[in-house]
Amino acid sequence: MTKKIVHLIKKRDPSMRKNGEAWLYPGIWAMFYHRAAHRLYNHKHYFTARLVSMFSRWITGIEIHPGAKIGRGVFIDHGMGVVIGETCRIGNNVLIYHGVTLGATGKERHMKQRHPTIGDNVVIGASAILLGPIHVGDCAKIGAGALVIGDVPAGETVVSDPARLVRRECSARTAIKQLRERIDILEKRNE
């Protein structure tokens with residue numbers, strides 16, 4: 001384990017007491033295996049790359065697709081349940097907490113970029129979900145439990161309640177049709 005990695009962990013996690021504890025961080029192992037899998041993926045050894053990725057997920061509880069591009073100094077703290085998609089790009093010195101999903105919405109199947117692009121020095125809180133080909137600017141902070149489906153400007157902090165109404169799915173015409181159907185049902189009951 002290099003001094004640089006040990007310094008990185010000590011800087012971001014005050015609970016580390018001795019340098020040897022760095023070996024016990026699953027995020028470090030996940031990044032180690034990802035670097036190997038990514039090299040294989042870039043050389044078109046897709047099956048072997050996915051095999052290394054699957055082994056890493058089994059050992060660490062962190063799922064990183066071998067195609068994801070991850071910069072230097074990325075630290076996944078605790079890590080269990082982190083999912084990082086194939087076309088995801090993560091900058092340098094990013095801090096990711098457990099349960100984070102950097103995924104696609106499923107509507108971008110034929111797009112080249114389906115997953116988020118994360119800038120440098122970003123902090124992503126526990127259980128945050130970032131979906132689609134969005135861009136998170138440098139030094140941004142994503143709050144725990146946030147659902148992010150749009151771009152986040154550099155230096156901004158984003159928190160959100162996923163249960164809030166974002167958009168109504170039905171038009172006025174559809175609503176009227178549903179009301180007429182409901183009235184017909186009620187009238188039949190009264191007959």
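The following legends describe close-up views of a predicted model. Local features require pLDDT of at least 70 and side-chain atom pairs count only at pLDDT 80 or more, whereas totals for chains, interfaces and linings use all residues. Residues are numbered from 1 along each chain as its sequence is written, and side-chain values use heavy atoms, with hydrogens and water left out.

View 1. Helix 1 covers residues 3-12; helices (H or I, at least four residues) and strands (E, at least two) are DSSP runs, numbered from the N terminus. Its buried residues (under 20% relative accessible area, with a 1.4 Å probe and protein chains only) are Val 6, Leu 8, Ile 9 and Arg 12. Seen down the helix axis, these residues fall within an arc of 160°, so they line one face of helix 1; the arc is that of the directions from the helix axis to the C-beta atoms. The face turned away from the buried side carries Lys 3, Lys 4, His 7 and Lys 11, which are exposed (over 50%; partly exposed lies in between). The buried residues pack against helix 2, strand 3 and strand 6, where contact means heavy atoms within 4.5 Å.

**View 2. Helix 2 and its surroundings.** Helix 2 has 17 residues and reaches 24 Å from its first C-alpha to its last, close to the expected 24 Å (1.5 Å times one less than its number of residues). Its buried residues include Gly 27, Ile 28, Ala 30 and Met 31. Among the elements that cover the buried residues of helix 2 are helix 1, helix 3 and strand 1. Helix 2 is followed by Lys 44, which has a positive phi near 65°.

View 3. Rings of Phe, Tyr and Trp (its six-membered ring) pair if their centres lie within 6.5 Å; planes under 30 degrees apart count as stacked, over 60 as edge-to-face and the rest as tilted. By this rule there are seven aromatic pairs. Trp 29 and Phe 32 form an edge-to-face pair, with 6.1 Å from centre to centre and 85° between the planes. Because Trp 29 and Phe 32 are three residues apart in helix 2, about one helical turn separates them. Trp 29 is partly exposed at 26% relative accessible area, while Phe 32 is exposed at 52%.

View 4. Ile 124 stands opposite Ile 142 in strand 12.

Methods:
Two strands pair if DSSP finds at least two bridges between them.
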